[in-house]
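Student: Could you walk me through this model? I'd like to start with the helices and then move on to side chains.

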Amino acid sequence: MTTVGIPGGRDVTASLDRPASDTVVVACPPHPQYGGKRSDTRLNAVSDALAPDIGCLRFDYGAWDEGRGERADAENALAWADEKYDAVGLFGYSFGAAVALCAAAE
């Protein structure tokens, strides 16, 4: 695992599992006001379940911003991953699923 800072003007830190892969999945955590963060056991379980040659970028949202900033965090994480990987997937759990859908639609 490698720690990564996600650019974009907000304080967003991520954990990157299997950084040497060509493919990565960006994982959006659950609601930050209810304890959602990159170390969430469900995000870890998904990362562990991925094929051994697929990376997983799990990030913490920046300061709470009513969903707008959290969506920007996901978009910035996707942009970061897109610059570095051949293929990028996206998923989220609970609140993170809604953030992921909004980010994907953008």
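Tutor: Happy to. One term before we start: a residue is buried under 20% relative accessible area, exposed over 50%, and partly exposed in between (1.4 Å probe, protein chains only). This is a predicted model, in which local features need pLDDT of at least 70 and side-chain atom pairs count only at pLDDT 80 or more, while totals for chains, interfaces and linings use all residues. Residues are numbered from 1 along each chain as its sequence is written, and side-chain values use heavy atoms, with hydrogens and water left out.

Student: OK, is L101 buried or exposed, and why?

Tutor: L101 is exposed, because its relative accessible area is 63%. L101 lies in helix α3; helices (H or I, at least four residues) and strands (E, at least two) are DSSP runs, numbered from the N terminus.

Student: Which residues of α3 are buried, then?

Tutor: In α3, residues 95-105, those are F95, G96, V99, A100 and A103. They cover an arc of only 135° around the axis, so they sit on the same side of α3. That arc is taken from the directions from the helix axis to the C-beta atoms. On the other side, L101, A104 and A105 are exposed.

Student: What do the buried ones pack against?

Tutor: They pack against β3 (23-28), α2 and β5 (87-92). Contact here means heavy atoms within 4.5 Å.

Student: And A97, how does that one count?

Tutor: A97 is also placed in helix α3. A97 counts as partly exposed because its relative accessible area is 28%.

Student: Let's talk about α2 and α3. At what angle do they cross?

Tutor: Roughly 60°, with their axes coming within 9 Å. Axes are lines fitted to C-alpha atoms, for helices over the stretch in contact, and angles run from 0 to 180 degrees between N-to-C directions.

Student: What does its side chain reach?

Tutor: Two backbone nitrogens: that of D65 at 2.8 Å and that of G67 at 2.7 Å. Both are polar contacts, meaning a pair of N or O atoms within 3.5 Å; within protein, one must be able to donate a hydrogen and the other to accept it, and residues adjacent in sequence count only if both atoms are side-chain atoms. Leaving aside neighbours within four places in sequence, E70 is in contact with residues including R10, P32, Y61, W64 and F95.

Student: New topic: how many aromatic pairs are there?

Tutor: Rings of Phe, Tyr and Trp (its six-membered ring) pair if their centres lie within 6.5 Å; planes under 30 degrees apart are stacked, over 60 edge-to-face, and the rest tilted. By this rule there are four. The pair of F59 and Y61 is edge-to-face because the planes are at 90°, with centres 5.3 Å apart. W64 and F95 form a tilted pair, 6.0 Å centre to centre with 50° between the planes.
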